[in-house]
Amino acid sequence: MLEDKRLQLAVAQILSAIYEPDFLLCSYGYRPGRGPHDAIRDLTDELFWGKYEFVVEADIKGFLDHLQWPWLMQMLEQRIQDGAFLGLIRKWLRAGILEADGQVIHPQTGTPQGGVVSPGLANVYLHYVLDLWFEHKMRPSDQGRCQLFRFADDLVVGLERNDEAAAFEQALKERRAKFGLELAPDKTQRLRFGRGGGPDNDRFDFLGFEFYWEADRKGRPTVKRRTARKKLHAGIQRRKQWIKSHRHLPVKQWLKKLASKRRGTWNYDGIIGNSRSLAQLR
């Protein structure tokens with residue numbers, strides 16, 4: 001098992017070396033030197049400074065379990081001709097999953113369960129399914145400004161015109177159906193979000209943060225972020241449960257562990273403008 005993980009890590013590093021020069025700037029997940037905070041910062045700046053008035057947000061439901069093998073192999077063959085290398089990936093895709101009751105399930109879709117190589121394969125898949133499609137098909141057909149931001153299977157598109165936002169939303173549904181994917185209905189929507197929206201502006205979540213327009217101290221409209229409501233409330237409940245279930249620990253050890261958990265939350269959620277959410281958690 002350990003040797004297999006090491007081999008998967010080596011393959012993941014090779015995939016990164018091959019595809020990193022090809023990946024577009026709109027992709028932020030599972031890439032060296034890029035992370036969720038980069039996506040959050042760039043999306044905020046683009047929505048604030050750009051001429052966007054509408055947003056389409058979407059999340060692919062159970063993406064890693066529904067990735068289509070034939071499509072993935074066709075995509076990999078565009079850049080890789082090594083038969084042994086591709087055969088190794090096929091072997092991992094077809095590997096059975098051992099259930100708790102001892103039964104072995106052989107899936108027909110998806111990436112290796114818990115595999116180190118899975119994020120890299122997923123990024124290649126979405127590079128072809130979403131990134132290149134948006135850049136070469138959707139963007140040239142739009143008259144207004146538009147921009148895609150994607151972190152793994154979570155994406156946001158800013159658009160200037162409502163008719164083009166509606167057209168993109170429909171095209172996205174057709175695109176995902178072609179490649180066997182399903183959009184999460186509770187996380188997929190088209191909404192008003194722009195400097196000219198005023199009270200009609202809506203809110204949306206991306207990477208654990210809620211984005212919204214609000215006046216700054218000088219009364220000027222600005223894009224702000226705070227911890228998403230569901231995430232904040234769930235985090236508070238988890239922290240309460242942890243406190244209750246670990247009251248038997250010595251005080252010093254208990255405080256040390258609690259402080260470590262708090263630092264983890266602050267390291268991710270501690271962005272400009274999110275002080276009220278952090279105060280509520282504290």
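# Pockets, salt bridges and buried charges

Mentor: Let's start with the largest pocket: by class, its lining has 5 nonpolar, 2 polar and 12 charged residues. The classes work like this: Ala, Val, Leu, Ile, Met, Phe, Trp, Tyr, Cys and Pro are nonpolar, Asp, Glu, Lys and Arg are charged, and the others, Gly among them, are polar. Keep in mind that this is a predicted model, where local features need pLDDT of at least 70 and side-chain atom pairs count only at pLDDT 80 or more, while totals for chains, interfaces and linings use all residues. Residues are numbered from 1 along each chain as its sequence is written, and side-chain values use heavy atoms, with hydrogens and water left out.

Trainee: Which residues lie nearest the centre of the largest pocket?

Mentor: Its lining has 19 residues, and Glu57, Asp186, Lys187, Asp205 and Phe206 lie nearest the centre. Strand E1 (54-59), strand E7 (204-206) and helix H8 (229-245) are the elements that give two or more residues to this lining. The space in the largest pocket comes to about 490 Å³.

Trainee: What makes a space a pocket, and what makes it a cavity?

Mentor: On a 1 Å grid over the protein atoms alone, a cavity is a set of points where a 1.4 Å probe fits but cannot get out; a pocket is an open set with protein on both sides within 12 Å along at least five of seven lines, and lining residues have an atom within 4 Å of a point. Points are joined across faces, edges and corners, and the volume is the space filled by probe spheres set on them.

Trainee: How many cavities of 30 Å³ or more does the structure hold?

Mentor: There is 1, and the largest cavity has about 40 Å³ of space. Ile60, Val129, Leu130, Leu155, Leu172, Arg176, Leu181 and Leu183 line the largest cavity. By class, the lining divides into 7 nonpolar, no polar and 1 charged.

Trainee: What counts as a helix or a strand here?

Mentor: These are DSSP runs numbered from the N terminus: helices are H or I with at least four residues, and strands are E with at least two. The protein has 10 helices and 9 strands.

Trainee: Why is glutamate 53 called buried?

Mentor: Buried means under 20% relative accessible area, exposed means over 50%, and partly exposed is in between, with a 1.4 Å probe and protein chains only. Glutamate 53 has 18% relative accessibility, so it counts as buried. Of the 282 residues of the protein, 43% are in the buried class.

Trainee: Which residues does glutamate 53 touch?

Mentor: Not counting residues up to four places away in sequence, glutamate 53 touches Leu159, Glu160, Leu191, Arg192, Phe193, Gly194, Arg195, Gly196 and Gly197. A contact means heavy atoms within 4.5 Å.

Trainee: How do you know that glutamate 53 and arginine 192 form a salt bridge?

Mentor: Their side chains meet at 3.1 Å, N to O. Glutamate 53 sits in the loop between H2 and E1 and arginine 192 in strand E6 (residues 189-192), so the pair ties together parts 139 residues apart in sequence. A salt bridge needs a side-chain nitrogen of Lys or Arg within 4 Å of a carboxyl oxygen of Asp or Glu, so the pair qualifies. Arginine 192 is partly exposed because its relative accessibility is 26%.

Trainee: What is the distance between the closest N and O atoms of aspartate 131 and arginine 150?

Mentor: They are 2.8 Å apart, in another salt bridge. Aspartate 131 is in helix H6 and arginine 150 in strand E4, 19 residues apart. Aspartate 131 has a relative accessible area of 0%, so it is buried, and arginine 150 is buried at 0% too.

Trainee: What makes arginine 145 partly exposed?

Mentor: Its relative accessibility is 40%, so it falls in that class. Arginine 145 also forms a salt bridge with glutamate 46, with the closest N and O atoms 3.0 Å apart. In the whole structure, the search finds 18 salt bridges; Asp38, Arg41 and Asp42 are linked in a network of them.
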